[in-house]
Structure formats: structure tokens, C-alpha cells
Amino acid sequence: MEPRKILLAEDDEMLASLLKYRLEKEGYAVTVRSDGKAVKQDISAQLPDAIISDIMMPYFSGIELVDYLRNNLKSDIPIILISAASNEENVISAFKLGANDFIAKPVSPSELLIRVSKEIERFYRT
Amino acid sequence: MLSFLKRKSKREELAPIISNFLFHSSEDPKEEQKEYVELKIKIREYLGNSYFKRILADILLDLQKDVSGGTRQRLYRLYTQLGLHHSAYQKLSSWRWTTVSKGILELSQMEVVDAFQLILKFINDRRGVVRKQAEIAIVLLRHDGIEHLLDTTKYAISEWQQLKLIEALGSLKNYRPPKFKAWLISHNNDVVLFALRLIKHYNQNEAAPSIAELVKHKNDEIKIAAISCIKDFNFIEALSLLKKIYWNCSSFVKIQLLDTIGHIGGKDNLPFLLEVEQKETDFPVKCKALAAMNSISPDTVLPTNDIVGDLEVFVAYPSQTNEDKPSEKTTDSIDKERPIADEKELEIDEVEVFDLLDTETNDQDKVETFTVKYDVEEPQELDFEIKPADDELNASLNDSLSLLGSDDIETLDANEKGITDDYGQMSAEDKNMLIDSLETGGDERETKLLEFIIEHEDESELRFRAFNVMKSLGKNEDDEKVMALETSKETYGSALALEEPEEIEVTQEFNETKDLAIKQSIFHELYHYATDINAKEILVGEIIEVGDERDIPFLEQLLETAPNRIKKIAQKAIVQIEKRRPEGQNREEDPIPLDTQTVDEAVENLVQSDHDLEKNGELPAIEMPIDEDDGKIPLELCFLYDELGILYDQEKEDLGLNFELADEFFRTIISENLNDQER
């Protein structure tokens with residue numbers, strides 16, 4: 001069985017590396033992108049099985065990414081947002097636009113793993 | 001740039017190694033176990049390099065901010081396992097305050113508990129940044145850190161630092177705060193303040209006695225913090241102490257005290273607050289006292305400033321029946337007192353009671369106790385208008401209410417006397433206000449007062465205004481008759497029957513006609529709208545140039561009522577208007593009688609001629625009654641006059657007859673005339 005492909009959009013290299021290591025260890029194929037523009041290009045070319053994205057990224061924010069994915073690409077793939085700015089406005093707008101989940105920084109990699117697997121399982125089961 | 005790139009590449013190289021260390025598990029596959037051991041050997045080789053150690057420490061410091069849970073704890077362990085904390089210890093011994101500060105920060109962030117004692121030394125460091133960093137580190141490293149800090153610190157703890165420390169305490173897991181009242185006895189005022197803040201933050205309300213003692217502290221900040229605690233913890237027992245210390249406090253503390261009393265105090269504190277309002281000279285403190293009163297008992301003090309149409313009650317207390325109550329509780333004193341809600345109700349009740357009395361004793365026409373006054377003018381001084389309730393005033397109003405409840409005529413007579421006495425004691429401004437109020441809202445109950453003003457007032461303008469008010473009140477018929485009789489008595493003398501209603505009607509009609517004549521002048525209204533005497537003077541001056549005969553009644557009225565300066569101009573205007581009249585037209589031809597003198601003369605002439613005819617026994621030359629429709633003499637009267645031998649008035653012969661004669665009559669007349677001519 002092919003591993004699930006996850007696109008990790010995070011501009012903090014150390015955190016991205018840590019999360020990538022943890023996700024790969026769990027059996028996912030992780031692609032890391034450090035800015036929104038690259039993420040947009042990637043998903044326009046080929047959609048992953050799930051996206052984990054920081055909200056505050058250069059060029060293209062996580063919120064815009066959700067909007068692009070849901071309204072332009074008409075895709076329903078799971079998308080989990082991460083942000084240090086876990087204010088109510090961010091969370092509400094993320095969910096309104098169609099994000100599947102939201103995790104505030106600092107991130108617990110173990111918690112993230114569980115959430116990702118849950119979303120993927122739910123999406124592909126249906 | 002090179003250093004940055006080198007550093008970046010090193011970080012990229014180290015990142016997976018650190019991830020491997022962090023997520024390594026003994027249950028991992030053999031390959032991974034092998035890889036982990038290789039990396040451990042490799043990294044031990046690198047650790048000899050301080051540059052590598054610094055980069056490694058930076059990576060771990062960055063990561064600990066972004067990860068949480070078990071990963072963070074593993075990261076802290078890794079930090080100490082790699083011996084990176086030794087580098088941080090070395091930083092503490094640096095002479096640079098920035099380096100020391102960085103060392104303390106690193107140790108506290110990586111939760112190196114062993115560094116606690118080392119960092120504690122910096123609590124009383126003379127360098128502020130180091131000291132503050134040490135304070136936070138102490139609090140973060142151990143749960144009892146705050147106790148050590150409060151015990152040992154000698155320096156001030158700024159409010160910002162206090163907040164940072166409280167935030168640090170909040171980040172501790174399973175933290176059980178100590179009883180901070182223990183530090184209320186500290187010699188460091190900032191420690192006391194911080195302890196008070198912590199007591200409030202952790203709701204440690206068992207410290208009431210200590211907090212109450214602190215309101216006696218010399219330091220205002222501590223006082224205010226203690227008062228704030230008393231307010232927050234609702235220490236009602238401390239209220240008496242607060243009131244006791246009140247008069248020795250600064251204004252700022254007083255405001256806090258009053259605020260606390262307002263929040264936790266009961267109605268038994270109202271007298272104290274009233275006393276504060278009356279004795280305090282500081283405006284904000286007075287305001288706070290009033291606000292506290294309203295906080296304890298809502299709507300105790302009501303706003304009065306800029307309230308249009310404020311209902312005021314003019315109370316005239318007869319001195320005989322109200323000896324124990326000060327008679328100064330009149331309009332004037334009520335104006336000065338701030339109304340309170342209960343008094344407002346009383347005012348309305350009193351007016352209603354008065355109405356009842358008035359109905360009952362209308363025939364006697366003796367009730368003259370209240371004058372309802374509608375104050376429509378804005379106060380000249382913008383003082384703060386809210387004042388506290390005055391028990392004395394309340395009591396006196398209540399007494400006055402019960403006084404009015406009796407129908408004792410003697411009391412009512414005394415009331416009348418009270419009114420006149422009070423009026424006599426009024427200042428000119430108050431008199432003006434009283435007349436204003438009577439003009440606005442007076443009714444027939446004020447008749448006696450108005451009569452008194454008309455008779456006894458020295459100021460002619462006030463007399464005239466009172467007279468106008470009396471006229472406009474629409475008095476009852478009896479009053480009008482009396483007035484008309486008095487007028488006619490003065491005007492026509494005893495020859496006219498005083499009680500004949502026709503005469504009264506004539507006088508009334510005359511007065512109305514006179515008013516109409518005065519109002520014909522376009523200057524009349526303008527004159528009354530003029531704000532001051534100079535404006536009035538200029539206005540009357542204009543009549544000289546542009547006035548005509550319609551302005552003469554108004555000018556004549558001015559001659560009677562206006563100040564001397566205006567009188568002179570009015571006199572001049574009358575002369576000029578008279579000069580401008582066309583020749584042959586005189587005052588008597590005016591369509592409307594100009595003044596009472598003209599009519600007086602006419603009536604006197606008429607009466608005199610009647611008397612003369614009676615004396616001589618002669619029949620008067622009767623003016624022929626003329627049919628009002630066509631101005632001709634009726635046929636029957638012609639026969640009657642012929643029979644009685646009454647002669648026609650020669651001047652009226654051309655009036656003609658109002659009946660038609662047959663053609664035969666004219667033919668007979670013509671034939672007779674022809675016969676006469678032939679003869």
C-alpha cells in the first residue's frame with residue numbers, strides 16, 4: 001500500500017524538519033514547502049492526500065490556501081491549519097472557509113499525528 | 001553573510017539528528033537503533049566545538065518554543081544530556097550583563113532546575129535587566145520560587161514586572177500558591193504591593209485583618225491596593241475603619257474609599273457620604289460621594305443641571321405655625337438644595353394637596369400657600385447640579401405637607417402673610433424669577449400675591465408685569481367685577497352705580513380695546529423681545545422716524561410703564577407722529593380710543609349735559625333715532641314726533657324716511673305747490 005502523501009507548509013525550517021521526521025516515521029510521505037506560493041503551485045499540479053499548513057506564511061497565507069483549495073480547485077482533501085496566532089477570528093475564518101482542523105502552536109507532534117490520521121481516515125473512508 | 005549561510009547549512013544538517021534523538025524509542029526497528037547510536041557518537045565528537053554547541057543550543061531553544069507535550073520534555077532532557085547547560089552556567093559568570101541575562105534566560109527556558117541557586121544570587125543584582133531576568137527565572141524554575149523572591153528581594157518590583165511574574169506563575173503546571181498575606185508585613189513596600197496583588201489574583205480572602213490594617217499605611221499606593229482588596233473581597237467589617245481614616249487621606253485615596261463604600265456599603269453609610277459631599281471642597285471627591293450615594297441607594301440624587309422645565313415648589317411657611325422649622329425653606333433655599341427623588345415626589349404630592357385645598361376653600365379665596373414655578377431659564381453658573389438629600393429639608397417639606405392638610409383658616413391667613421413677608425425679603429433677581437414663573441405657569445391662586453406685588457412693589461416694571469399676569473390669569477368673575485368696579489370708581493366717580501354690570505362690561509370692553517390698540521403697533525412685540533434696555537431704547541427711537549398713529553397707544557403705554565430714558569424717547573415719538581398727521585385729522589378721529597382720559601371726558605360730558613337739562617327743565621334736542629339698516633327715520637316715529645311737537649334735528653333732516661309714499665301723496669303735494677304758486 002502506498003503511503004499517504006502529506007504536504008507540509010511551514011516556514012520554520014526546524015519545526016518543519018521535526019514534524020516531517022515524525023510524520024515520516026509514522027509512515028506518511030511528507031513534502032515540505034516553506035512559502036505559500038510553492039504550496040499553490042504544488043497543489044495546482046497535483047493534490048496530496050492531506051495538507052498541514054501554517055497560517056502565517058510568505059506570499060500565500062494558510063487561510064488563502066484553504067479558500068483556493070475549496071473554491072478554485074473544488075477539492076475536499078483534509079487540511080489542518082497550525083498557527084501561533086490562535087485568536088478566535090483566525091480559527092473561525094479557517095473553519096468557515098472549510099479547514100478540517102486547527103492546532104495552536106506550540107504543537108505537540110503526537111497530537112498532530114493523531115489528528116492527521118483521523119482526518120485522513122474519515123475522508124477516505126467516505 | 002558567509003557566517004549566516006554556514007550557520008543555516010549547519011542547522012539543516014543538525015535538524016534531522018535532533019529529530020532522531022527526540023523521537024528515538026527503544027522499540028524502534030534495529031536499523032533505526034543503529035542509526036541512533038551512530039548519530040550519538042558523531043555528535044559527541046562535535047560537542048568539543050563551542051561553535052557547534054552554540055548552534056545546537058540555539059536549535060533546541062527555537063524548537064522548545066514550537067513544540068509541546070512529551071516532545072518538549074524530551075528536548076529539555078536532550079539539552080542537559082548533551083551538556084549544553086554548562087555553557088549557560090559559564091555565561092552567568094560573565095561581566096557582561098547581556099551575557100548573564102542570556103544565560104539566565106537559557107537556563108530558565110530549558111528548565112534547568114539545578115541552576116536555581118545560581119540564579120537566585122541575581123535577585124538583588126544592581127543591574128535591572130539581570131535582576132528582572134533572574135526574578136522570572138526563579139519563579140519559573142521552582143514552584144516555591146516566588147516565595148524566595150518575595151523573601152529576598154530588596155529592590156522595587158515594577159508593575160510590568162509584577163504582571164510578568166504573575167504570567168510566569170500562571171504558566172506553571174499544578175501550581176499551588178502560598179498564602180501571600182505572609183508578605184504583607186514585608187519592609188519592602190513593593191513586596192507588600194505585589195503580595196496584595198497576588199492575594200487579589202488568587203482570591204485569598206482570609207487576609208482581611210492584615211489588609212484592613214494596610215489602609216492605615218503611609219504609602220498611598222499600598223492604601224489604594226488594600227482598599228481595592230477590601231472592595232473585591234467585600235470586607236464589610238472594614239467599612240468603619242475606612243470612614244475613620246477618610247479625612248486624613250489624599251483626594252485620590254478618598255475617591256477610592258468612596259468608591260469602595262459605594263460598592264460594599266449599605267444605607268447606613270449615606271449620612272457619612274452626605275457629610276463628605278457637604279464638607280469636601282474637592283470637586284471630584286464630592287462627585288464620587290454623590291455617585292456612591294446613588295450606588296448604595298439608586299436615584300437618591302437626581303440630576304438637575306440643564307433640566308428644562310424643572311418643577312420647583314415655592315413654599316411659604318407661616319412663621320406662627322412652623323416655628324420649629326426654618327422659614328428659609330422657600331423657593332430660594334430649594335433652588336440651592338439639590339433635589340432628591342423623595343423630595344420630588346413630595347413636591348408633586350404637595351401640589352396635588354394644594355389643588356384639593358383650593359377646591360375646598362375656593363369660596364373663601366384664602367389659600368395662598370404654594371406657587372408652582374416652572375423654571376425655564378438656564379442657570380447662569382454651570383455648577384455641578386447634583387446635591388445630596390437633605391434630611392432637614394425633607395422633614396420641613398413633610399411638615400409643610402401636613403400643615404396644608406388642615407383647613408385652619410388662621411393658618412391660611414398666616415400663609416398669606418408668609419407669602420408677602422417672603423416676597424418682601426426676596427432679592428431683585430428672585431423677584432424677577434418669581435414673576436417669570438407666574439407668567440409661565442401662574443394661575444388664579446396667585447392673585448393675592450400679585451395684588452400684593454402691584455400694591456407694594458417699588459419697581460415699576462415688576463408692578464406692570466404683575467399687573468399683566470393678573471390680567472392674563474383669567475380670574476374668576478367676582479375678581480373681575482371687583483377690579484372693574486375699582487377701576488370705574490376711580491374713573492367715573494361715585495355718580496356711576498358701582499355694581500351695575502353694564503358699567504363693568506363697558507370698562508372691560510374698554511380695556512380689551514385698549515390692549516388691541518397697543519398691539520396694533522408693530523413695535524409692541526419687538527419691544528418685549530428686546531433683551532436689554534439699550535435695545536429697547538434704539539427700538540423706540542426708530543418709532544420717531546417711521547412710526548404712525550397706530551403706534552401712539554403703545555407709546556402712551558410706554559409713558560406709563562417704561563424707564564425714564566425710554567419715556568423721553570416715547571414722548572418725542574408721539575410729538576413727531578402728531579406733527580406728521582395730515583391737517584384736520586386730530587386724535588379724536590382715531591378709530592380706536594387712545595386712552596382712558598378720552599373716554600373719561602366723553603362720559604363726564606354726557607353726565608354733565610344730563611344734569612344741566614334736568615336742572616333747566618328743557619327737553620333735549622333729541623337726536624333722531626335712525627334705522628340702522630338704511631339710516632332713515634321710521635314712519636311711526638315721524639307721527640309720534642308730530643303728535644308730541646318734537647322738532648327734528650336740522651342737521652339730520654337729510655336722512656330721509658325709511659317708508660314709501662304713494663304716488664297719490666306726491667301728486668297731492670305737487671298740485672298743492674302749484675296752487676300755492678298760482679296764488
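**Close-up views of a predicted two-chain model**

View 1. Asn174(B) is exposed, because 5 other C-beta atoms lie within 10 Å; a residue is buried if 20 or more other C-beta atoms lie within 10 Å of its own, exposed if 12 or fewer and partly exposed in between, with C-beta atoms placed from the backbone. This is a predicted model, in which local features need pLDDT of at least 70 and side-chain atom pairs count only at pLDDT 80 or more, while totals for chains, interfaces and linings use all residues. Residues are numbered from 1 along each chain as its sequence is written, and chains are lettered from A and ligands numbered from 1 in the order in which they are written. Asn174(B) sits in the loop between helix 10 (159-171) and helix 11 (189-201) of chain B; helices (H or I, at least four residues) and strands (E, at least two) are DSSP runs, numbered from the N terminus. The phi of Asn174(B) is positive, near 55°, in a residue other than glycine.

**View 2. Asn234(B) also lies in a loop of chain B.** The loop runs between helix 13 (220-233) and helix 14 (239-246). Asn234(B) is partly exposed, with 13 other C-beta atoms within 10 Å. Its phi is positive, about 55°, although Asn234(B) is not a glycine.

**View 3. Five strands of chain A form an open, parallel sheet in the order 2-1-3-4-5.** Two strands pair if DSSP finds at least two bridges between them. Strand 2 (29-33) and strand 5 (101-104) of chain A are at the edges with a single partner strand each, so one side of each has no neighbour in the sheet. From one strand to the next, the twist averages 20°; axes are lines fitted to C-alpha atoms, for helices over the stretch in contact, and angles run from 0 to 180 degrees between N-to-C directions.

**View 4. Strand 4 (residues 79-83) and strand 5 of chain A pair in the parallel sense over four bridges.** Ile80(A) stands opposite Asp101(A) of strand 5. Helix 5 (residues 109-125) of chain A packs on the sheet and touches strand 1, strand 3 (50-54), strand 4 and strand 5 of chain A; residues are in contact if their C-beta atoms, placed from the backbone, lie within 7 Å. The direction of helix 5 makes about 175° with that of strand 5 of chain A. In the loop between strand 5 and helix 5 of chain A is Pro106(A), joined to Lys105(A) by a cis peptide bond with omega of about 0°.

**View 5. Strand 1 and strand 2 of chain A pair in the parallel sense over five bridges.** Ala9(A) has Arg33(A) in strand 2 as its bridge partner.

**View 6. Ile6(A) belongs to the largest nonpolar core, which has 114 residues.** Such a core is a set of buried Ala, Val, Leu, Ile, Met, Phe, Trp, Tyr and Cys residues joined through C-beta atoms within 7 Å. Ile6(A), Ala137(B), Ala195(B) and Ala226(B) have the most contacts inside the largest core. Leaving aside neighbours within four places in sequence, the contacts of Ile6(A) include Leu23(A), Val30(A), Ile52(A) and Val116(A).

**View 7. At the boundary between the chains, 16 residues of chain A are in contact with 16 residues of chain B.** Helix 1 and helix 5 of chain A are the elements giving two or more residues to the side of chain A that touches chain B. Helix 1 of chain A gives the most, with eight residues.

Key. Two residues are in contact if their C-beta atoms, placed from the backbone, lie within 7 Å.
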